[in-house]
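Hi everyone, thanks for having me. Please take a look at the model on the screen, and I'll walk you through some of its parts.

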Amino acid sequence: MVALAVLLVASPPMATMRAASAAAAAGGCEGDKFPANQSYAHCAALPYLGARLHWTHDARTGSLSVAFVAKPAGAGGAGWVSWAINPTGDGMKGAQALVAFRPAPSAPCAVRTYNVTGYGPFTANSTAIAFKATDLAADESGGEVRLYGKLQLAPGTQVVNQVWQVGSDVTGGAPVKHAFAKENLEAKGKLQLSGAALAMAPAPAPAAANGGSSPAKGGSGGGASPSGEKPSSATSVSAPVFMLLALAAGFMAIL
Ligand SMILES: *[C@@H]1O[C@H](CO)[C@@H](O)[C@H](O)[C@H]1NC(C)=O
């Protein structure tokens with residue numbers, strides 16, 4: 001019974017791995033090109049909204065450089081794209097967001113930071129976020145927006161809860177709320193900063209980044225995790241999933 005449960009839980013990451021390599025072969029995250037002298041150690045084709053994340057992480061200093069690529073949802077490239085880390089939950093509420101958009105139709109793409117405190121409208125100006133954010137920039141390529149930034153995480157951080165999103169409108173210089181389709185609501189998960197295979201595993205409980213007590217009871221934020229698992233069960237199976245993936249990788253290496 002336990003073995004069966006482990007196998008069932010293990011299958012989504014395995015499927016994700018196959019999907020990710022298929023996407024790479026078809027020009028997924030591996031096909032993304034950046035301006036000269038910008039490159040990243042890792043990339044992942046995110047499972048929703050056609051988005052990709054590229055990143056370089058220095059675990060010792062906590063420095064995280066990212067490039068997030070996605071297509072704004074509006075006609076003719078209108079709208080916005082966003083990538084965020086949520087240090088207190090796994091959904092939108094609490095997300096420390098980087099959002100790229102044209103503040104005015106003829107203006108170049110700019111990046112704002114938002115401390116997403118709830119589901120109310122966003123402001124035109126940035127609000128302070130929990131991480132020092134530098135090197136913020138954005139450009140457009142082939143109908144997609146590329147959002148760049150560098151975040152100062154706590155040194156030693158290994159896993160974060162990420163949330164990403166696209167919207168179709170910018171009004172008065174501020175991003176307007178996104179659609180609430182399944183894809184939009186499921187655009188979140190854990191990011192393994194080392195680039196390990198579980199980069200896109202469903203988010204279980206919020207990361208207890210500083211070794212504090214589990215904030216799980218207040219951390220449901222944006223609703224159920226993509227797998228629909230309860231946070232506690234997802235947490236308890238994560239070690240076996242790691243082991244299975246390692247075994248599978250070893251097995252494939254032998255073949
Ligand atoms: C973000 O908003 C929350 C809720 O209002 C607040 O507790 C927190 O201090 C804010 N973070 C920053 C960096 O201002």
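Strand S5, residues 96-101, pairs with S6 in the antiparallel sense, and six bridges link the two. Within that pairing, Leu 98 stands opposite Thr 113 in S6. A word on terms: strands (E, at least two residues) and helices (H or I, at least four) are DSSP runs numbered from the N terminus, and two strands pair if DSSP finds at least two bridges between them.

Before going on, please keep in mind that this is a predicted model, where local features need pLDDT of at least 70 and side-chain atom pairs count only at pLDDT 80 or more, while totals for chains, interfaces and linings use all residues. Residues are numbered from 1 along each chain as its sequence is written, and side-chain values use heavy atoms, with hydrogens and water left out.

Now, which sheet do S5 and S6 belong to? It is an open sheet of five strands, ordered S6-S5-S4-S9-S12, with antiparallel pairing. Strand S6 (110-115) and strand S12 (188-192) stand at the edges with a single partner strand each, so one side of each has no neighbour in the sheet. From one strand to the next, the twist averages 25°; the axes behind such angles are lines fitted to C-alpha atoms, for helices over the stretch in contact, and angles run from 0 to 180 degrees between N-to-C directions.

Five strands also form an open, antiparallel sheet in the order S1-S2-S3-S8-S7. Here the twist averages 15° from one strand to the next. Inside this sheet, S3 (residues 63-70) and S8 (residues 144-152) pair in the antiparallel sense over eight bridges, and Ala 67 stands opposite Tyr 148 in S8.

Let's turn to the cysteines. A disulfide is a covalent bond between the sulfur atoms of two cysteines. How many does a search of the whole structure find? One, counting cysteine sulfur atoms within 2.5 Å as a disulfide. This bond joins Cys 29 to Cys 43, with an S to S distance of 2.1 Å. Cys 29 lies in the loop between helix H1 (2-25) and S1, and Cys 43 in strand S1, so the pair ties together parts that are 14 residues apart in sequence.

Last stop, the ligand. Asn 115, Thr 117, Ala 128, Ile 129 and Ala 130 surround it, where near means a heavy atom within 4 Å.
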